[in-house]
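Hello,

Please have a look at the model first and then read on.

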Amino acid sequence: MLSKRTIIGLIVGSAIIAIGAFSVIQHIGDITINENYIVDKGDSTRYTIPAPTDTPQSMTIIGDAFDLKLESPGDGLQIPKTSYKKKLNLDWVHSEAGETKIQIQNTGNTELKITGILIRSADPIWFTYDFMVIITGMVIMGFSMGFTLRKPKGF
C-alpha cells in the first residue's frame, strides 16, 4: 500500500509534469504578441522581432513627435531614421526569416502610445525551461516512490 507522502508526491509530480507539457504545447509554432506600450517624453524603446518568412506585422504609433528607424530582413520594409508627427501606421511582411529591428525615440512633449500585433517565432530557450519543469515533476515522483519501498530514518 502507498503511504500518504507517496500519494501526495505522485499528485504534485503529476501536476508539475502536466503544467510543463501544457507549456511545451503552447510554445510550439509562432507567438502572437498584442503590443500596448507607452513611451514617456524623451525616452526611447527598441524592438527586436524574430519571425519566419511571410509573417505579417502591424504597428501603430501615436504621439506629438517621434523618430523611427526600422530594418526588416531581406527586401522587407526599410526605414532610415525619420521624424514623424501625430500618427504612423506600419504594416509589413517579413520577406525572409530573420529579425526586424525597430528603434523609436519620443521627441515630442507628450507620451507616445505604441500598439500593434507582432508575430514572432518561438524562442528555443522556452523549450529548455519547459523540459526542466517536466524533469522536476519526475524527480518529485521518484523521491515520493522511495517512501513506499522503505521508510528512511527520521520519517
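**Notes on the predicted model**

Leu2 sits in the segment before helix H1 (4-26); helices here are DSSP runs of H or I with at least four residues, strands are runs of E with at least two, and both are numbered from the N terminus. Leu2 counts as partly exposed because its relative accessibility is 38%. The cut-offs are under 20% relative accessible area for buried and over 50% for exposed, with partly exposed in between (1.4 Å probe, protein chains only).

Before the rest, a word on the ground rules. This is a predicted model, in which local features need pLDDT of at least 70 and side-chain atom pairs count only at pLDDT 80 or more, while totals for chains, interfaces and linings use all residues. Residues are numbered from 1 along each chain as its sequence is written, and side-chain values use heavy atoms, with hydrogens and water left out.

**Confidence**

The predictor's confidence in each residue, pLDDT, runs from 0 to 100. The protein averages 83, and 94% of the residues score at least 70. Among the elements, H1 has the highest mean pLDDT (89) and strand E1 (residues 31-39) the lowest (81).

**The surface patch**

Leu2 also belongs to a nonpolar surface patch of about 340 Å², made together with Ile7, Ile11 and Met145. Residues in patches have over 30% relative accessible area and no salt bridge; nonpolar side chains (Val, Leu, Ile, Met, Phe, Trp, Tyr) are joined within 5 Å, and like charges within 9 Å. The accessible areas come from the Shrake-Rupley method with a 1.4 Å probe, and for residues only the protein chains shown count as cover.

Which residues does Val24 touch beyond its sequence neighbours? Leaving aside those within four places in sequence, Val24 of helix H1 is in contact with Phe127, Asp130, Phe131 and Ile134, contact being heavy atoms within 4.5 Å. Val24 counts as buried because its relative accessibility is 14%. Along the sequence, Val24 and Arg5 are 19 residues apart, and their C-alpha atoms are 28 Å apart in space.

Ser23, also placed in H1, counts as buried at 16% relative accessibility.

In helix H2 (residues 124-149) you will find Ser144, which counts as buried at 3% relative accessibility. With neighbours within four places in sequence left aside, Ser144 is in contact with Arg5, Thr6, Gly9 and Leu10.

**The strands**

Two strands count as paired if DSSP finds at least two bridges between them. Strand E3 (residues 56-71) pairs with strand E4 (residues 78-93) in the antiparallel sense over 14 bridges, and Pro56 has Val93 as its bridge partner in E4. E3 also pairs with strand E5 (residues 98-106), antiparallel over six bridges, where Asp67 stands opposite Gln105. Five bridges join E3 to strand E6 (residues 112-120), again antiparallel, and here Ile61 stands opposite Ile114.

Val39 is found in strand E1 and is buried, with a relative accessible area of 2%. Val39 and Lys113 are 74 residues apart in sequence, with C-alpha atoms 6.5 Å apart. Beyond its neighbours within four places in sequence, Val39 is in contact with Ser44, Thr45, Asn106, Glu111, Leu112 and Ile114.

**Salt bridge and backbone**

How many salt bridges does a search of the whole structure find? The search finds one, taking a salt bridge as a side-chain nitrogen of Lys or Arg within 4 Å of a carboxyl oxygen of Asp or Glu. Glu71 forms it with Lys69, and the closest N and O atoms are 3.5 Å apart. Glu71 is partly exposed at 35% relative accessibility, and Lys69 is partly exposed with a relative accessible area of 36%. Side chains of opposite charge can pair when their charged atoms come close.

Two backbone angles may interest you as well. Asp54, in the loop between strand E2 (44-51) and E3, has a positive phi of about 60° although it is not a glycine; Asp54 counts as exposed at 57% relative accessibility. Lys86, placed in strand E4, has a positive phi of about 70° and is not a glycine either. At 56% relative accessibility, Lys86 counts as exposed.

Best wishes
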